[in-house]
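Okay, thanks everyone for coming.

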Amino acid sequence: MERQASGRRSAIAAVVLGILLAISVAVIGAGVMILKDSYAGQFYAEPDALPLLRTAAKAAVTGEEARIPVSEVNSFVASMVEQRKAREGGSSLEQVYLQIREDQKIAVYTPVMADGMRIAVTSVCSLSYDSQQRGIRVDVEEIRFGRMKLPVGMALPMLEEKLPDGAVVTGGSIFFPIDLFELSIPETEIRLTVEDLRIENGVLVLQTNSLAQDAKNYLSDLLNQGLSDISDFLDSLWQ
């Protein structure tokens, strides 16, 4: 009897040991997959905000659409990341690099630092402008940490603290209020705001309000002295 009981204990111990070993191998394997960066060193954009700002400013004067190539977007974002690092003395966000696919969806490469580990976060998402809630919505369709694909609903909350203040994660989407993209001109009531944003034929299409019209309205208020021809006068200034 003792010999049989001892045999059963040995068998149980062997099963438990096997389960623990399998769990250990799975955890180690997952860790290796998470830390694997298949794109390390492949993507780089020279930090330079001016090209995108020039394109957007030119369109903002008339309110026409600005068609911004993804190279300008990457250079602009790289500049913003560098400024954030300088301001914070370092940042957990190392890089953001975008590619526009043939199906007009965006592939994003975003290596981040977490607990001293560098993790390459890659995702595929769609971009749209929500005119009712006045904001930009990013619908994330796929996300990976290293080579490990994770459920979007589980991964996004883990990244929420690295997003700009005001950005909200809901399910598989990230919502950026339009206030994050507004620019106020000092000492005036003129505000540059985003009216539409979409991907079209491989470029970012940006629609803003017309600074020209806002400036005319502002000048009209300043020069409101009962002149009946003030509107015609201002129109001539902007022709």
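Let me start with a definition: when I say contact, I mean heavy atoms within 4.5 Å. With that in mind, take the contacts in the chain between residues at least 6 apart in sequence: 45% of them join residues at least 24 apart. And please remember that this is a predicted model.

Now the overall picture. The chain has six helices and twelve strands. Of its 239 residues, 34% count as buried.

On to the inside. In soluble globular proteins, nonpolar side chains tend to be buried together. Here, the largest nonpolar core has 38 residues, and Val-140, Ile-143, Phe-145 and Ile-174 are the ones that touch the most other members. Which strand gives this core its largest share? That's β5, with five residues. There's also a second, separate core of six residues, and Phe-43, Ala-45, Tyr-109 and Ala-120 are among them.

Let's stay with Ile-143 for a moment. Leaving out residues up to four places away in sequence, Ile-143 touches quite a list, including Val-121, Thr-122 and Ser-123, and also Met-148, Leu-150 and Pro-151. Val-152, Ala-155, Leu-156 and Leu-159 are on that list too.

Next, Ser-123, which lies in strand β4. Is Ser-123 buried or exposed? The cut-off for buried is under 20% relative accessible area. Ser-123 comes out at 15%, so it counts as buried. Again skipping residues up to four places away in sequence, Ser-123 touches Ile-106, Ala-107 and Val-108, along with Val-140, Glu-142 and Ile-143.

Ser-123 also takes us to the second largest pocket. That pocket has a volume of about 310 Å³. Its lining has 20 residues, and lying nearest its centre are Tyr-39, Ala-107, Val-108, Thr-122 and Ser-123. Two or more lining residues come from each of β2 (97-100), β3 (106-114), β4 (117-130) and β5 (135-145). The largest share is from β4, with four residues.

A quick stop at Pro-69, in strand β1, residues 66-69. Pro-69 has a relative accessible area of 31%, so it is partly exposed. Pro-69 is 17 residues from Leu-52 in sequence, and the two are 8.6 Å apart in space, C-alpha to C-alpha.

Gln-104, in the loop between β2 and β3, has a phi near 70 degrees, which is a positive value in a residue other than glycine. Asn-201 has a positive phi as well, near 55 degrees, and is found in the loop between β11 (194-200) and β12 (203-208).

Note on methods. Residues are numbered from 1 along each chain as its sequence is written. This is a predicted model: local features need pLDDT of at least 70, side-chain atom pairs count only at pLDDT 80 or more; totals for chains, interfaces and linings use all residues. Side-chain values use heavy atoms; hydrogens and water are left out. On a 1 Å grid over the protein atoms alone, a cavity is a set of points where a 1.4 Å probe fits but cannot get out, and a pocket is an open set with protein on both sides within 12 Å along at least five of seven lines; lining residues have an atom within 4 Å of a point. Grid points are joined across faces, edges and corners, and a volume is the space filled by probe spheres set on the points. A nonpolar core is a set of buried Ala, Val, Leu, Ile, Met, Phe, Trp, Tyr and Cys residues joined through side-chain atoms within 4.5 Å. Buried means under 20% relative accessible area, exposed over 50%, partly exposed in between (1.4 Å probe, protein chains only).
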